[in-house]
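Trainee: I'd like to go through this model with you, one question at a time. Could we begin with a single residue and work outwards?

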Amino acid sequence: ELGIAVQEVYDFIWDEFCDWYIEIAKVRTYKKDEDPVSANAALWTLKTVLTEALKLLHPYMPFITEEIFCTLQSEEETIMLSKWPEYKEEWNFPAEESAIEHCKDLVKGIRNVRTEMDVPPSRKAKLYITSEDAGLRTVFEENKEIKEACMNNPIIKSQYKTADNPIFKVFYLENPHGTIADFSGKEPYVF
């Protein structure tokens, strides 16, 4: 089943690494003067994930992966003799993964709402999120910069409000030039 294996690697590289992690890492790397440790950690992770992904792709795309691998790093002479990637428990962060998945779901949901409403990406928006779940509100507050970067810099407010659904709801999405959507008194968008 080589086709399934290469599809999994491809999906990871494009859907997770390129679509999400690079965008999320920009928040930290752009602030390297304020927090150089965080910026360097983000860059180290980018390089490590790309290097390991190249090793997984190498059997399918040997020449291009060799070229990128040798350009990207100088620790190993060739990808052909490098060690195959192995699972490391210390790189497993289930709580952080869950928090980022919630943020990704929110970003996807807001992008879909904006598309449905024919709102151009250039329009800035205020976004109010409510949830009965204090943990979820904390996740959204702690990762505000990530969501703002991925959603074209809207202003995001998380707040407590009694809701029928413990997931999260977008009750109000507004724009400095007028309201994009007012969900107050209506059924909110639920993601």
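Predicted model: local features only at pLDDT ≥ 70, side-chain atom pairs only at ≥ 80, totals over all residues.

Trainee: In which helix is L50 found, and which residues is L50 in contact with, leaving aside its neighbours within four places in sequence?

Mentor: L50 is part of helix α2. As for spacing, I13 is 37 residues away along the chain, yet the C-alpha atoms of L50 and I13 are separated by 8.2 Å. Once neighbours within four places in sequence are set aside, the contacts of L50 are F17 and L72.

Trainee: Which pocket has both L50 and I13 in its lining, and how much space lies in it?

Mentor: Both residues are listed among those that line the second largest pocket, together with others including V6, Y10, W14 and M61. By class, that lining has 10 nonpolar residues, 1 polar residue and no charged residues. The space in the second largest pocket comes to about 210 Å³.

Trainee: Which helix gives the most to that lining?

Mentor: Three helices each supply at least two residues of the lining of the second largest pocket: α1, α2 and α3. The top contributor, with 4 residues, is α1.

Trainee: Let's look at α3, then. Why do T65, E66 and F69 count as lying on the same side of α3?

Mentor: T65, E66 and F69 are the buried residues to look at in α3. They lie on the same side of α3 because they cover an arc of only 105° around the axis. In general, an α-helix has 3.6 residues a turn, so residues three or four places apart point the same way. The value that settles it here is the arc of only 105°.

Trainee: Which exposed residues does the face of α3 turned away from its buried side carry?

Mentor: Start from the buried side, where the cover over the buried residues includes α2. The face turned away from that side carries exposed residues, and these are F63, E67 and T71.

Trainee: C70 also lies in α3. Is C70 buried or exposed, or in between?

Mentor: Buried means under 20% relative accessible area and exposed means over 50%. C70 touches E77 and T78, not counting residues up to four places away in sequence. Since its relative accessible area is 33%, C70 is partly exposed.

Trainee: What about the largest pocket: which helix supplies the largest share of its lining?

Mentor: About 1,500 Å³ of space lies in the largest pocket. Of the 34 residues that line it, those closest to its centre are Y21, T45, V49, W91 and F93. Helices α1, α2 and α4 each supply at least two residues of the lining. The largest share, 8 residues, comes from α2.

Trainee: How many charged residues does the lining of the largest pocket have?

Mentor: Sorting that lining by class gives 18 nonpolar and 4 polar residues. The charged residues in the lining number 12.

Trainee: Last one: how many helices and strands are there in the chain, and what pattern does the chain follow?

Mentor: Of the 191 residues of the chain, 35% count as buried. The chain has 6 helices and 5 strands. Read along the sequence, the pattern is α-α-α-α-β-α-α-β-β-β-β.

Definitions and conventions: Residues numbered from 1 in each chain as written. Heavy atoms only, no water. 1 Å grid on protein atoms, 1.4 Å probe; cavity = no way out; pocket = protein on both sides within 12 Å on 5 of 7 lines; lining within 4 Å. Points joined across faces, edges and corners; volume = space filled by probe spheres on them. Nonpolar A, V, L, I, M, F, W, Y, C, P; charged D, E, K, R; others polar. Buried < 20%, exposed > 50% of the residue type's maximum accessible area, 1.4 Å probe, protein only. Arc of directions from axis to C-beta. Contact = heavy atoms within 4.5 Å.
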